[in-house]
Amino acid sequence: MSEPFALLLTLLVLLTAGWIVTVRERRAAVFGFIAYGLLLALVWIRLAAVDVALTEAAIGGGATGVLLLRVSARLGSIRGMSAPPGLATRWIAGVLCAGVSLALMALVLALPDPAPSLAAAAMEPIGRTGLGNPVTAVLLAYRALDTFLEIIVLLLALIGVWSLGADRFWGGEPAAWRTGPPSPALVFLARVLPPFGIVIAGYLFWIGADEPGGKFQASTILAAMWLLAMMAGLAPPPRTGARGLRAALVAGPLVFLAIGFAGLWWADGFLAYPDAFAKPLIILIEAALAVSIVAALALMVAGPAERLPRR
Amino acid sequence: MSLLADLFTILAVSAGVFFFFAGTVGLLRFPDTLTRLHALTKADNLGLGLVVLGLLPQLGSVLAGLKLVFIWVLVQIASAGASQLLAGLAKRQPEETREEAP
Amino acid sequence: MTPLVSAATLFGLCASGMVGIGLYGLIVLPDALRKLLAFNILGSGVFILFGVIGRRGAAAGLDGDPVPQAIVITGIVVAFSATALAATLLLKISDAENEPEDGGKDEP
């Protein structure tokens, strides 16, 4: 079962990638990219990485897709970053890139056969964390520092997005999607889907401790539901200067940091958890992180403030 | 019993795949957005329904079956809503979407 | 060679191809948004390559090495942040370029 399907999937992924790069229209390329994200999710499932597949489908296909659709709809004609290349340049670039691909392929074929693996090292102390999903254990216990820095990157990117708005709108609302009365179909979707979305997100969040799932996937679904309600005009976009919003954004990093420093005296060091409380602490961190990730993802897709703050 | 279940699965999933195929042919061959949408939504919803139905006897638990049916319902809602939106868009800007028939 | 290993290798070859296609698009496409898409294709190729190496590291009763998987999840989120920032920057550039009413003003 695996071989023909893997071959088919490989061909589809490469064809879609080639199409995205060569198709004439900008918007068609964006649609292609959404399909490409979903195909990649299938590849991740075939690679037995279901956690990554969920993340790729939600963020790579979904969130990036909505973001790029919004941007490509708004984007006027901009000057090319470089002149359209001549035939000779394209040939040289093609040959060089093919060379890069071939070199990587040679490396893939030459990978050492008893492959080096940290799986055993990741499984051995997992009992101490109280978790059943090794990926969650890596994200929140063994390599918690990476996850902490990641949420910081998320916040920095959001600050960057906000800073690109006009000065006079600072603290105002993102103006995305309010170009006219929303279509009834959109309003219907925005009324029907969020209850499902909230249940599914809660399920993914909870099951992430033991099975594939977790805060990123759950947060992306919640952010999508929020964006849907914003697009349909059922929920006004939040003021980017609102206290509550700012608090939600920093809740995750603050809780993470507080528990991390507490580890200095109640466990072995920064970001270490005492064995007896490892799982409750991890769930607490994940819950706080989820709040921040929902807010950051939704607002990054919505874009910088483009309307004056309401008085 | 298990042979019967397998046979049912093979039949239902094959029928589902056939409808997906028909829907995709429609997407590629039909002349404009509305007819393409019609082909896609009709055939794909039925196709997915048949695939889900076919997979049901292969599952170990009722809960897993419910999850599959739930996924089908969600896809129904989402695809109905999305195709409404696309159709509305196509109606508002008919010039752009009209293409030469193959 | 068991079938599963060669499926992973196949995806490794696929990922190598994706890196090449993304790099080509990044160099050749003049449109900035398309460059952004191409860059994302390049990045996803690197992620899949990472995943293939993780899949080959299946051990200790797991189907894959969880460490690369966790790092790739982090990577996907960071890639999204970078894409959002870059896309917003593009909008800003386009607004700035289209602000003067006469379109030919940026011609020297």
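Reader: Among contacts in chain B between residues at least 6 apart in sequence, what percentage join residues at least 24 apart?

Author: In chain B, 66% of the contacts between residues at least 6 apart in sequence join residues at least 24 apart. Two residues are in contact if their C-beta atoms, placed from the backbone, lie within 7 Å. This is a predicted model, where local features need pLDDT of at least 70 and side-chain atom pairs count only at pLDDT 80 or more, while totals for chains, interfaces and linings use all residues. Residues are numbered from 1 along each chain as its sequence is written, and chains are lettered from A and ligands numbered from 1 in the order in which they are written.

Reader: What elements does chain B have, in order from the N terminus?

Author: The order is α-α-α-α, with four helices and zero strands. Helices (H or I, at least four residues) and strands (E, at least two) are DSSP runs, numbered from the N terminus.

Reader: And how much of chain B is buried?

Author: Of its 102 residues, 14% count as buried. Buried is taken as 20 or more other C-beta atoms within 10 Å of the residue's own, exposed as 12 or fewer, and partly exposed as in between, with C-beta atoms placed from the backbone.

Reader: Which pair of chains shares the most contacts?

Author: Chains A and C, of the two pairs in contact. Chain C puts in 76 residues and chain A 82. On the chain C side, α3(C) gives the most, with 27 residues. That side divides into 47 nonpolar, 20 polar and nine charged residues. Ala, Val, Leu, Ile, Met, Phe, Trp, Tyr, Cys and Pro count as nonpolar, Asp, Glu, Lys and Arg as charged, and the others, Gly among them, as polar.

Reader: Is α2(C) enclosed or open?

Author: Largely enclosed by the rest of the structure, because 23 of its 25 residues are buried.

Reader: Back to chain B. How many residues of chain B are in contact with chain A?

Author: Six residues of chain B, against eight of chain A. The chain B side has three nonpolar, three polar and no charged residues. No contact joins chain B and chain C, and their closest C-alpha atoms lie 21 Å apart.

Reader: What domains are assigned in chain A?

Author: Domain 1 (1-75) and domain 2 (119-311); such bounds come from an automatic or database domain assignment. The centres of these two domains of chain A, taken over C-alpha atoms, are 23 Å apart. In their contact, 11 residues of domain 1 meet 14 residues of domain 2.
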